[in-house]
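Please read the notes below alongside the sequence and the coordinates. They are set out as numbered points, each on one topic.

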Amino acid sequence: MGPYVGCWLYCCLPLLFSLAVQGSPEYPRVTPEQVHLSYPGEPGSMTVTWTTWAPARSEVQFGIQLSGPLPFRAHGAASTFVDGGILRRKLYMHRVTLRKLVPGVQYVYRCGSSQGWSRRFRFRALKNGVHWSPRLAVFGDMGADNPKALPRLRRDTQQGMFDAVLHVGDFAYNMDQDNARVGDRFMRLIEPVAASVPYMTCPGNHEQRYNFSNYKARFSMPGDNEGLWYSWDLGPAHIISFSTEVYFFLHYGRHLVERQFRWLENDLQKANKNRAARPWIITMGHRPMYCSNADLDDCTRHESRVRTGLLTPLLIPTGVDLEFWAHEHSYERLWPIYNYQVFNGSLEKPYTNPRGPVHIITGSAGCEELLTPFVIKPRPWSAVRVKEYGYTRMHILNGTHMHIQQVSEDQDGKIVDDIWIVRPLLGRMMYH
């Protein structure tokens, strides 16, 4: 090596290293990414959440024209999130709530600041009131690797099939992994769905690291409980999300069990008083009360913590209609059930005026842990079991009729389960 070459390398290597670092994903940048929506519970509103890698202003520009200027502005704030991993990576989480939206109108928006803007996205403002028919996608247990249901979910969402998404716990596998880079990758993957419709969530066991910090930081749910439990209204339904994990990770605080119980008790009382306006009460929590999977998980045991841990005394007497669960990587629909006893409406029409809540486990969206097998002999309370990748569609037609379908990704979108839940408006508050 000649002296001039050595001198050139000595002078230029620091510059080359600096350029390489700037081009790496860790270099601070302010162009928004991981954009997603949520419904804050206030009619005519929508919250936009995104991530940057350096401090920046939080602004959303929006309008109703597909092209051209975006005339409306909304501002919010950013919070700093420091991941608990060894690198202590720092992310800036931006939240802006849009208000005074016209119900049912499609909006175009972008988020960011003068330092950098996202691309344009579209969403339709949720309709107000009870006299409309919401359509939702429901699933849990979707990972950054092997998210089998995601391509179809993306296509279906872009075609306008859904008004909202319910993700029933377990994201990315796991959001904290690799110093939260897996969480970043997952949030980028779901952006085409989550930036187009409200992406409503509940925590699962895979979010527990560092006291659920990635979950709390990345999602913006209604209420003031960091997204661990909350409720919201959608058309003729009242939807409740709660944490089953407070019963399992007691080292984060036993007081959370009581706090959630008191909140849930109060929320269910209010929902029952409002049955004339919103007849359906729907819940979602990650770990199921019942399941017939061939594993040693909590729901396979007769005395499940979720079933006996204060939830059943609340959910049953208050007449909850439908309970969504995940955790098991399969799909299972139960007969209307209470305390392991079947309470079908009738032999011919079990889901017409059922005398117990309907449980559906929908945890087969796809993750690195693959699918969960079932025990060979079905339990007497198990109606349908599907060990295939897929997700659930729910259409709340009106105050008396609800349509549930399971879409199989293994069979190229074939509907592998299809039921109607029918309840009269009168006399539906109590089962027993």
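**Notes on the predicted model**

1. R278 touches G129, V130, D233, L234, G235, P236 and A237, leaving aside residues up to four places away in sequence, where contact means heavy atoms within 4.5 Å. R278 is found in the loop between helix 5 and strand 17 (280-284), helices (H or I, at least four residues) and strands (E, at least two) being DSSP runs numbered from the N terminus. With a relative accessible area of 15%, R278 is buried; buried means under 20% relative accessible area, exposed over 50%, and partly exposed in between, with a 1.4 Å probe and protein chains only. The C-alpha atoms of R278 and D233 are 8.1 Å apart in space, while the two residues are 45 residues apart in sequence.

2. On provenance, this is a predicted model, in which local features need pLDDT of at least 70 and side-chain atom pairs count only at pLDDT 80 or more, whereas totals for chains, interfaces and linings use all residues. Residues are numbered from 1 along each chain as its sequence is written, and side-chain values use heavy atoms, with hydrogens and water left out.

3. For the chain as a whole, there are 6 helices and 26 strands, and 59% of the 432 residues are buried. Of the contacts between residues at least 6 apart in sequence, 70% join residues at least 24 apart. The chain exposes about 18,300 Å², of which carbon and sulfur atoms supply 55%; the areas come from the Shrake-Rupley method with a 1.4 Å probe, and for residues only the protein chains shown count as cover.

4. V108, in strand 7 (residues 106-113), is buried at a relative accessible area of 2%. Apart from residues up to four places away in sequence, V108 touches Q61, F62, G63, Q65, L66, L70, R120, F121 and R122. V108 and S196 are 88 residues apart along the chain, and their C-alpha atoms are separated by 9.8 Å.

5. A search of the whole structure finds 22 aromatic pairs, in which rings of Phe, Tyr and Trp (its six-membered ring) have centres within 6.5 Å, with planes under 30 degrees apart counted as stacked, over 60 as edge-to-face and the rest as tilted. F212 and Y252 form an edge-to-face pair, at 5.9 Å centre to centre and with 70° between the planes. This pair links distant parts of the chain, since F212 lies in helix 4 and Y252 in the loop between strand 16 (237-241) and helix 5 (255-273), 40 residues apart. F212 counts as buried at 6% relative accessibility, while Y252 counts as partly exposed at 21%. The pair of Y215 and F219 is tilted, because the ring centres are 5.6 Å apart and the planes are at 50°; Y215 is buried at 1% relative accessibility, and F219 is buried at 4%.

6. Helix 4 (residues 209-218) is mostly covered, with 7 of its 10 residues buried. The buried residues of helix 4 are F212, S213, N214, Y215, K216, A217 and R218.

7. Ring pairs also link F62, F72, Y107, Y109, F121 and F123 into a cluster. As for charges over rings, R110 lies over the face of W117 at 4.2 Å from the ring centre, and R287 lies over the face of F248 at 3.7 Å from the ring centre. The criterion is that NZ of Lys or CZ of Arg is within 6 Å of the ring centre and within 35 degrees of the ring normal.

8. Which residues of helix 2 and helix 3 make the contact? The contact is made by L150, L153, R154, T157 and Q158 of helix 2 and by L189, P192 and V193 of helix 3. The axes of helix 2 (residues 150-158) and helix 3 (residues 177-194) come within 8 Å and cross at roughly 30°; axes are lines fitted to C-alpha atoms, for helices over the stretch in contact, and angles run from 0 to 180 degrees between N-to-C directions. The two helices are therefore roughly parallel to each other, given that angles under 35 degrees count as roughly parallel, over 145 as roughly antiparallel, 65 to 115 as roughly perpendicular and the rest as oblique.

9. The peptide bond from Y173 to N174 is cis, with omega near -5°, and N174 is found in the loop between strand 13 (171-172) and helix 3. H327, although not a glycine, has a positive phi of about 75°; H327 lies in the loop between strand 18 (322-325) and strand 19 (331-334) and counts as buried at 10% relative accessibility.
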